[in-house]
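Reader: I am new to reading structures like this one. Could you walk me through a few features?

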Amino acid sequence: MADFEEPLESDDSLAERLGTLDDDLATQRANALRSGLSDYDLDDEDFDLLEAVTDDPDAITYLPALPVVAIVGRPNVGKSALVNRILGRREAVVEDTPGVTRDRVTYKAEWNGRPFSLVDTGGWEPDAKGIDASVAMQAEVAIDLADSVMFVVDANVGATSTDEQVVRMLRKAGKPVFLVANKVDDVRQEPNAAALWSLGLGEPLPVSALHGRGVADLLDTVLEKLPLISAVAKQEVGGPRRVAILGRPNVGKSSLLNRAAGEERVVVNELAGTTRDPVDEQVEIAGKVWRFVDTAGIRRRVHLQQGADFYASLRTSAALEKAEVAVVMIDVSQAISEQDVRIIDLVLESGRALVLAFNKWDLLDDERRRYLEREIEQDLAHVAWAPRVNMSARTGRHLEKLVPALELALESWDTRIPTGKFNAFLAELTAAHPHPVRGGKQPRVLFGTQVASRPPTFVLFTTGFLDPGYRRYIQRRLREIYGFEGTPIVVNMRVREKRKRT
């Protein structure tokens, strides 16, 4: 459905009315709406959510990070097929061609009502020469990101030397490991799975990712040991704000880091297979200290044609887990690519604040500038709210402008709107532009509240499903009234029916 027309009144009039609204009156009205929810069928989760709501503007509430399960194993054991089976849809690329470019590495999955994140390492099919080292390195990065690991082995091939190398690393990592014996399509192949006891990882769990056999039992077993909230992706609080520098290869990430650190540092050329070494660096820019996270991924060059994209995606996920704000660098001397957009989408999915740094601005001529503005309008319209810095990392030009952009994005990311004000905003909005009637019914917003900051996350209790276009309209008006520059906004719905009178 198309976005809604803007209200005829000027944007300022709504902002003005909300600005002059008496706080006590707004709170009273919100409390009345809240008590009106008792006429509706609410569940325990609804009550927990409503109990946890606070109007303390300095309160910082994170949405708990979902637990992470990594799927590792050597090429062609059926990792991507298993990912697709768990997700119940064909998401991961299943192809025999090595080096298939990956759209995504982390997926949101759910089993028996329990949500979790799935890290798929199926996309890296390294060349046979360095296969042991490469598979081990890929597994190492994924294990680092995970609360537990599914180690997939082809039961019909049996344990190989590569499998044994990965097992050694899994033992060192100390994470719960589930040995998945794949390609056990029927009872006759079960003895092949039993032979994998020799790996010393406990009981092999026989499955057929292709046919779905045994996958439900596998998920039951994994979720028994999986924490409800990730221990790996949990948020730190305090200290210098944490920044991830992201972008495709050769966009100028190293130059930015070196320039920010105020010294040239050697960019180490290392072959794949060396130990993963996440490094954080404290850097002072314009008198303020920042912590740039996971900078080893920026410093290191991966000399492996196949898998380099995948490794970069995995590093991006790792950096985002630790960061509060991401600086996505875009090389303005080249057309904005699908890979640029993909990296931005990873930031949005992670819920981190976002700043766009348009690098190599000094190389821009008038003609390229015209094309660039058109590309930004077309390809980056969904992040028009992100602060932009036009800079040159090589010369340091406009580097100091990064600081106000980062501060603005983080301030928006931390913002909390009091429940009274938010409900007054919703009342004005829905009165000016009610939701269209759908199937003879008109969904109403009963009550709304901000359940978290970092990123700002709102829950609307409604009498029916709100069209995506209407939710986008609410988000757009939230941005117009409250700014929210540099942060994603999440608007969730809880559709609740009126309690039947007995």
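Reader: Are Phe447 and Phe461 buried or exposed?

Author: Buried means under 20% relative accessible area, exposed over 50%, partly exposed in between (1.4 Å probe, protein chains only). Here both Phe447 and Phe461 are buried. This is a predicted model, where local features need pLDDT of at least 70 and side-chain atom pairs count only at pLDDT 80 or more, while totals for chains, interfaces and linings use all residues. Residues are numbered from 1 along each chain as its sequence is written, and side-chain values use heavy atoms, leaving out hydrogens and water.

Reader: How many aromatic pairs are there?

Author: Rings of Phe, Tyr and Trp (its six-membered ring) pair if their centres lie within 6.5 Å; planes under 30 degrees apart count as stacked, over 60 as edge-to-face and the rest as tilted. That rule gives six aromatic pairs. In one, the rings of Phe447 and Phe461 have centres 6.4 Å apart and planes at 40°, so this pair is tilted. Phe447 belongs to strand β15 (residues 445-452) and Phe461 to strand β16 (residues 457-462), so the pair ties together parts 14 residues apart in sequence. Strands here are DSSP runs of E, at least two residues, numbered from the N terminus.

Reader: In what order do the strands of the sheet lie?

Author: Strands of a sheet pair through backbone hydrogen bonds, either parallel or antiparallel. Two strands count as paired if DSSP finds at least two bridges between them. Three strands make an open sheet, ordered β15-β16-β17, with mixed pairing. Its edge strands are β15 and β17 (490-495), each pairing on one side only. Six bridges join β16 to β17, and these two run parallel; Phe458 stands opposite Val491 in β17.

Conventions:
Helix = DSSP H or I, 4+ residues; strand = E, 2+ residues; numbered from the N terminus.
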